[in-house]
Amino acid sequence: MTSRIPRDSRLRLVRPRPLAAAPPAMNQRRSRRPAPRPPEGTPAPAELARMARSGLAAAARVARWADAALGPGRDSATDDGKATLSDATAERAARELGLTPAQVRADWDTARLAGLVEVHGDSARPGWRLRAWDRDDSAVLRGWVALFDAWSLAHPEPEEHEPAAVAEVVSAMPQALSFLQLSAGPVPVEQLLDLLEQRVTELRTARCEIPYGPQPEPAAEPEPTDAPLAPLLDWALRALGSVGALTYGDGQATLTPLGSWAVWVKLEQICVAAQSPAGNIEQAADDMLRGCAQLRPNAARAEYRAWLAARPVGSAVTELLGAARGEDALLRGLAFEALRVVGAPAEPDVRGVLDEPTLRPYALLWLAEHDGADPEDAHEVLTREEATWLWVDTAAAVADHGEAPLLVRHLESAVQPTVPMLLEEVRAVGHPRTVQVLVALAAAHPDPALAKAVRRAAFQVHTGGS
């Protein structure tokens with residue numbers, strides 16, 4: 001049954017079910033909801049990609065320069081380890097590209113936000129999207145959407161405003177963008193300001209920010225409430241304009257074709273997730289991952305995307321890593337599958353858990369694949385001990401959530417060539433679930449002699465004997 005396809009990855013945690021065991025509906029070609037169409041008048045994907053390439057041409061130029069000039073063994077790109085170009089590097093790029101240092105810095109920041117260039121410590125490298133820039137329209141559009149998602153970072157907020165007020169406006173802008181998208185034309189800024197005020201009020205009410213103590217008598221003439229938010233709305237519209245999502249001027253704002261398409265895509269993601277029987281979009285990371293455990297890989301990835309689209313990337317990554325730190329090994333593996341959907345924005349946090357023994361093997365594999373390694377070969381970055389620890393952790397997930405035959409087949413994925421060597425190294429690695437895994441494997445294995453050896457190993461681990 002399986003000889004015609006490559007063996008599953010050694011880290012596959014989503015249980016593959018034989019077709020005979022699948023529900024009847026899964027054995028038949030079901031009619032699916034037709035793929036949603038973008039609003040009438042939306043350009044074709046190739047034209048949208050052309051627009052994105054045009055808007056990001058300067059950033060791609062700086063990224064290509066960085067690829068040639070700042071690659072391995074060449075000068076470092078930064079001087080603070082925070083992806084900020086050093087003065088010397090910015091001036092050098094400006095001379096060679098015929099730009100000003102300020103233009104180079106701006107294009108560099110745009111390239112980073114769009115995933116065209118990645119910075120690790122003091123070294124820069126091209127992002128995978130730069131490699132596919134001229135041939136893959138979907139990579140170009142994903143890069144532009146990444147920049148669109150980061151609009152608040154692309155244009156610095158006014159310094160005189162409190163960070164909390166800025167955060168409120170950033171949280172409220174998706175509703176304003178949805179209104180712009182539905183309007184399909186110019187919208188007066190006054191109308192957007194009224195909508196923004198309503199949304200900010202809702203956010204404050206949800207946090208129960210009710211003033212305490214005596215309140216002043218209301219004035220005969222209500223004081224205008226747009227003073228605090230008007231400059232922040234102006235900043236937000238200018239920032240969105242700087243990434244090419246809208247045009248702003250003469251007291252009105254209009255989404256560009258790219259901006260309208262991006263807002264529609266995100267609305268579709270949320271609507272599809274809301275129609276999910278499990279309602280995963282509303283769940284915490286742990287419950288969302290449990291809800292995805294029985295889904296096939298493509299369906300699970302779609303759920304991850306929808307869940308991520310509904311919350312800020314930073315908090316989503318933190319929540320996923322929190323789920324990975326729990327006791328359920330299945331959730332640990334699925335959390336890193338969801339982090340693969342996050343992509344480059346998760347890299348700093350994933351690197352930050354390399355010192356945690358429980359997460360280190362998963363993080364190393366994630367980083368290897370992020371760096372371009374083939375998923376089938378990524379395990380080569382692990383030491384023998386790390387690979388053995390991961391084998392036990394995966395076996396624990398299978399023992400808790402899978403079926404006995406799958407646990408027996410899991411033996412094939414061990415790096416050790418013989419069962420005695422595997423048992424010896426499993427005992428030495430010190431995984432907290434070692435005894436339970438060995439007991440479950442002994443109970444499941446059909447070979448009495450092997451099962452006896454595994455039971456003996458479990459007893460020795462349990463008693464601390466040799």
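User: Which residues of α4 are buried?
Analyst: Val104, Asp107, Trp108, Ala111 and Leu113 are the buried ones in α4; buried means under 20% relative accessible area with a 1.4 Å probe, protein chains only. Helices are DSSP runs of H or I, at least four residues, numbered from the N terminus. This is a predicted model, where local features need pLDDT of at least 70, side-chain atom pairs count only at pLDDT 80 or more, and totals for chains, interfaces and linings use all residues. Residues are numbered from 1 along each chain as its sequence is written, and side-chain values use heavy atoms, without hydrogens or water.

User: What comes just after α4?
Analyst: Gly115, with a positive phi of about 75°.

User: Switching to α8 and α9: at what angle do they pack?
Analyst: About 135°, with the axes 9 Å apart. Axes are lines fitted to C-alpha atoms over the stretch in contact, and angles run from 0 to 180 degrees between N-to-C directions.

User: Which residues of α9 does α8 meet?
Analyst: Gln191, Leu192, Leu195, Leu196, Arg199, Val200, Glu202, Leu203 and Arg204, contact meaning heavy atoms within 4.5 Å.

User: And Thr434, buried or exposed?
Analyst: Thr434 counts as buried because its relative accessibility is 3%. Thr434 is in helix α21, residues 434-444.

User: What does Thr434 touch?
Analyst: Val392, Val426 and Val461, leaving out residues up to four places away in sequence.

Notes
Buried means under 20% relative accessible area, exposed over 50%, partly exposed in between (1.4 Å probe, protein chains only). Helices (H or I, at least four residues) and strands (E, at least two) are DSSP runs, numbered from the N terminus.
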